[in-house]
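I opened this model to see how its parts pack. These are my notes, in the order I looked things up.

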Amino acid sequence: MSEITRRDFLAMGGKTVVAGGLILTIPKALYDPRWRGAAAALAPSDVQATFTALVEAVTTVADEKAAAWIIAEFDKALPPLPEGSPSSAVAAVLDSYTVKGGYGATFSSADPDARRSVLGDMVKDPTPDIRQIANQILPFASFTHWSDATLDAPATVGGPRLPQWDEVAWPGPAHSYLDTYRDGGPHRFHPK
């Protein structure tokens, strides 16, 4: 059996958040014909812009790499749609709630305060599927921006860093964390 790197562990954690929701229920709203049709009409660049705007609404930083990682993880974790992709259906839902709330024509074109209002509207929506979608995308946006998931190589002591770590004075992986995972960490987990 091969060892699992810290990056693999982060990706599995991201999938687990979504997969945890899938075990309970798949957000049926994503498979509704109106979202599927809207999803099919979105270009990949539109989906990317929507998820970049999502990350910015949550973290205040338009992190395109984080957005691309979220799109890839959602599309791997959720069952495919007949038209479009699961991430394009999420983008269609965000666009629809932007229009519904009178915040703009698309989620990505709305200002950051309006985007946060859209997310607030979705979290308070009476439809459980819409709340589930909101409650899955919010932590993904934060987690991905602050984790090393978007680095070209996993974070190591003295290795690559994210600029946002300096903003909060986070030193990155500590020497002690390497020992922790070797000696008492998850089975087969070994940061490299």
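I began with a helix pair. Helix 4 (residues 64-77) and helix 5 (residues 86-100) have axes that come within 7 Å and cross at roughly 115°. I took axes as lines fitted to C-alpha atoms, for helices over the stretch in contact, with angles from 0 to 180 degrees between N-to-C directions. Helices (H or I, at least four residues) and strands (E, at least two) are DSSP runs, numbered from the N terminus.

I listed who meets whom. Ile-71, Phe-74 and Asp-75 of helix 4 meet Pro-86, Ser-87 and Val-90 of helix 5. Contact means heavy atoms within 4.5 Å. The residues of this helix 4 and helix 5 contact divide into 4 nonpolar, 1 polar and 1 charged. Here Ala, Val, Leu, Ile, Met, Phe, Trp, Tyr, Cys and Pro count as nonpolar, Asp, Glu, Lys and Arg as charged, and the others, Gly among them, as polar.

**Ground rules.** I am reading a predicted model, in which local features need pLDDT of at least 70, side-chain atom pairs count only at pLDDT 80 or more, and totals for chains, interfaces and linings use all residues. Residues are numbered from 1 along each chain as its sequence is written, and side-chain values use heavy atoms, with hydrogens and water left out.

**Confidence.** I checked pLDDT, the predictor's confidence in each residue, from 0 to 100. The protein averages 76, and 69% of the residues score at least 70. Confidence is lowest in helix 1 (residues 6-24), at a mean of 43, and highest in helix 6, at 95. Over residues 12-25 the pLDDT is below 50, and this stretch has 20 contacts in the model beyond near neighbours in sequence. Where pLDDT is low, the predicted coordinates should not be read in detail.

**Overall make-up.** I counted 9 helices and 0 strands. Of the 192 residues, 43% are buried. Buried means under 20% relative accessible area, exposed over 50%, partly exposed in between (1.4 Å probe, protein chains only). Among contacts between residues at least 6 apart in sequence, 62% join residues at least 24 apart.

**Core.** Which residues have the most contacts inside the largest nonpolar core? They are Phe-51 and Met-122, in a core of 38 residues. Such a core is a set of buried Ala, Val, Leu, Ile, Met, Phe, Trp, Tyr and Cys residues joined through side-chain atoms within 4.5 Å. Two or more residues come from each of helix 2 (33-41), helix 3 (44-59), helix 4, helix 5, helix 6 (112-124) and helix 7 (128-146). Helix 5 gives the largest share, 7 residues. I then followed Phe-51. Leaving aside neighbours within four places in sequence, Phe-51 contacts Ala-67, Ile-70, Ile-71, Ser-87, Val-90 and Ala-91.

**Helix 5.** I found 12 of its 15 residues buried, so helix 5 is largely enclosed by the rest of the structure. Among the buried ones are Val-90, Leu-94 and Tyr-97. Helix 5 reaches 21 Å from its first C-alpha to its last, close to the 21 Å expected at 1.5 Å a residue. The expected span is 1.5 Å times one less than the number of residues. Gly-102 follows helix 5 and has a positive phi, near 75°.

Ser-85 sits in the loop between helix 4 and helix 5. Ser-85 is buried, at a relative accessible area of 19%. Apart from neighbours within four places in sequence, Ser-85 contacts Ala-39 and Asp-75.

**Helix 3 and Thr-60.** The end C-alpha atoms of helix 3 are 22 Å apart, in agreement with the 22 Å its 16 residues should span. Its buried residues include Val-47, Phe-51 and Leu-54. Thr-60 follows helix 3, with a positive phi near 75°. Most residues other than glycine have a negative phi. Thr-60 lies in the loop between helix 3 and helix 4. Buried or exposed, I asked, is Thr-60? Thr-60 is exposed, at 62% relative accessible area.

**Two last residues.** Tyr-103 is in the loop between helix 5 and helix 6, partly exposed at 28%. Its C-alpha is 7.7 Å from that of Arg-115, 12 residues apart along the chain. Val-123, in helix 6, is partly exposed at 32%. Not counting residues up to four places away in sequence, Val-123 touches Arg-131, Ala-134, Asn-135 and Leu-138.
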